[in-house]
Amino acid sequence: MALRALKFASLTAAASGIYLYGNKFLDPNDFGVVRVGRAIATTAVISYDYLTSLRSVPYGSEEYEFLKSQVHLRSAERLRELCCSNRGTFIKVGQHLGALDYLLPEEYTRTLKVLHSQAPQSTRQEIEQVIREDLGKEIKELFMSFEDTPLGAASLAQVHKAVLQDGRTVAVKIQHPKVQAQSSKDILLMEVLLLVVKQIFPDFEFMWLVEEAKKNLPLELDFLNEGRNAEKVAHMLKNFDFLKVPRIYWELSTSRVLLMEFMEGGQVNDKAYMERNGINVNEISRNLGKLYSEMIFVNGFVHCDPHPGNVLVKKCPASGKAHIILLDHGLYQDMEIRSNAAAYLPQITQLLNNVPRQMLLLLKTNDLLRGIESALHTRASASSFLNMSRCCIRAVSTYQRSKSHSLYRRAQISLTEALSLWQINLHEFFLWLKGSQLGNWVIALLRRMHHFTY
């Protein structure tokens, strides 16, 4: 009886395997038991590697540091393979880890950065399924043309270029169909595994990562929220004529499908593109600094994913002005940034658990902006710091005026603000003069006069 049952189970398993293998609509990677098993196995192997490889080597020795680097690299590669296999939320978290240069060993950040270029792509059938379910129509009914090859694919969605029946060219952002259903289970799985690792390695301080994913991922999976953020930041920064934010077409947008105005340009770190198109690199760097200083210090509403693929530049043929195009508005931080900033703790060992999650996102944002400046070779410029100083002065003055009930006191605050801004402008003028040919002539003349005097 037992033998017969075993044969039946084997035949059933074999038949199921053949069916799954031959069915192009079913992917074994999407089944919970496969994803959970793979995550558990990877976590176990990484933990065992750290426990055994460094056990018999004197701590702090050259051999210890060499072996530790090797374990970091092996573990990072295993983690990368897990993210690529489980996709979705795992890739999103892996991409985030790859951007934490100020917190993680270099072996991890270097290895995980490639996840930005290894995001999964949904098939044509999956795209049609999402559009049919959310918009109630077929692609050919909605669009005059629809490009099969995506403009870009990310961990949660991909973007296609299309033309509506009325002739408008649009960008169509479509969520990968299985991400929403899997995300909550994936986060729970990560939380359990990290708790287990924490028991084995008490100094392991990465529980903040799960808390951040719990809070931010539902926002990023709601494309209607992204559309509202886009409109909010466009209105908030309307005084910057160099900023362009794609218009949202609400009548054809849902929580999984977002239709927006099609905008194209070169990536903000592509210096060669700017030189070919006559775009002033220093002007772009200054304007980017103005943009983010305004968001961080004045409005408290910050675009927290300014990697080069989300920030484009283009020269307007009509005006000749260079525009900055801001894409992907899924994740912003609000007033909590300013209210929680005081809780920042400088000790690196306490950073992960004590710094507010919003501050970590700001640090990540700052790193991405500094990376862009480095790629453009504009880091020596003081303009970004001067712009930050202006925004800080304005923000502090606005706050002080809001708390003051005296007309005289408000006037005093405004005068102090004006004087401080004037001092910054004067300092900027002297920096410009010092770096200009005219400034060199003036300095040379003053030195010569000083020499003749003495």
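Me: Let's start with Ile284. Which residues is it in contact with, leaving aside neighbours within four places in sequence?
Reply: This is a predicted model, and in it Ile284 is in contact with Val268, Met274, Ile279, Val313, Ala322 and Ile324, once neighbours within four places in sequence are set aside.

Me: And which residues of the largest nonpolar core touch the most other members?
Reply: Ile284 is one of them, together with Leu237, Leu243, Leu291, Met295, Val313 and Ile324. That core has 33 residues.

Me: Which elements give two or more residues to this core?
Reply: On the helix side they are α10 (223–236), α11 (271–276) and α12 (281–299). The strands are β6 (257–261), β9 (311–315) and β10 (322–326).

Me: OK, and which element gives the most?
Reply: That's α12, with seven residues.

Me: What else is there by way of cores, say around Cys83?
Reply: Cys83 belongs to a second, separate core of 29 residues. Leu100, Leu103 and Ala213 are also included in that second core.

Me: Back to α12 for a moment. Which strands does it lie across?
Reply: Helix α12 lies across β5, β9 and β10, and it runs at about 45 degrees to β10.

Me: What's the strand order in the open sheet of four strands?
Reply: The order is β5-β10-β9-β7, and the pairing is mixed. At the edges are β5 (243–244) and β7 (266–267), each of which pairs on one side only.

Me: How do β5 and β10 run, parallel or antiparallel?
Reply: They run parallel, joined by two bridges. If you want a spot to look at, find Lys244: its bridge partner in β10 is Ile325.

Me: Remind me what holds paired strands together in general?
Reply: Strands of a sheet pair through backbone hydrogen bonds, and that can be parallel or antiparallel.

Me: Switching to β4 now. Why is it described as largely enclosed by the rest of the structure?
Reply: Strand β4 covers residues 169–175, and six of its seven residues are buried, so the rest of the structure largely encloses it.

Me: What does β4 pair with, and over how many bridges?
Reply: With β3 (residues 157–164) it pairs in the antiparallel sense over seven bridges. Five bridges join β4 to β6, and those two strands also run antiparallel.

Me: What about Gly167 in the hairpin of β3 and β4?
Reply: That hairpin has four residues between the strands, and Gly167 takes a positive phi near 95 degrees.

Me: Which residue has a positive phi although it is not a glycine?
Reply: Arg87 does, with a phi of about 55 degrees. You'll find Arg87 in the loop between α3 (62–86) and α4 (89–98).

Me: Is Arg87 buried or partly exposed?
Reply: Partly exposed, because its relative accessible area is 24%, and buried means under 20%.

Me: Now Glu220. Where is it, and is it buried or exposed?
Reply: Glu220 is found in helix α9 (residues 207–220). With a relative accessible area of 14%, Glu220 is buried.

Me: What does the side chain of Glu220 make a polar contact with?
Reply: The side chain of Lys92, at 2.9 Å.

Me: And Gln95, what does that touch?
Reply: Gln95 lies in helix α4 and touches Leu115, His116 and Ser155, not counting residues up to four places away in sequence. Gln95 is buried too, with a relative accessible area of 9%.

Me: How about Ala41, where does it sit?
Reply: Ala41 is in helix α2 (residues 32–53), and it is partly exposed at 40% relative accessible area.

Me: Last one, the overall picture. How many helices and strands are in the protein chain?
Reply: The chain has 18 helices and eleven strands. Of its 454 residues, 42% count as buried. The chain exposes about 25,000 Å², with carbon and sulfur atoms supplying 59% of that.

Technical notes
Residues numbered from 1 in each chain as written. Predicted model: local features only at pLDDT ≥ 70, side-chain atom pairs only at ≥ 80, totals over all residues. Heavy atoms only, no water. Core = buried A, V, L, I, M, F, W, Y, C linked by side-chain atoms within 4.5 Å. Buried < 20%, exposed > 50% of the residue type's maximum accessible area, 1.4 Å probe, protein only. Contact = heavy atoms within 4.5 Å. Polar contact = N/O pair within 3.5 Å; in protein donor to acceptor, adjacent residues only side chain to side chain. Pairing = 2+ DSSP bridges. Axes fitted to C-alpha atoms, helices over the stretch in contact; angles between N-to-C directions. Areas by Shrake-Rupley, 256 points an atom, 1.4 Å probe, with all protein chains shown as cover.
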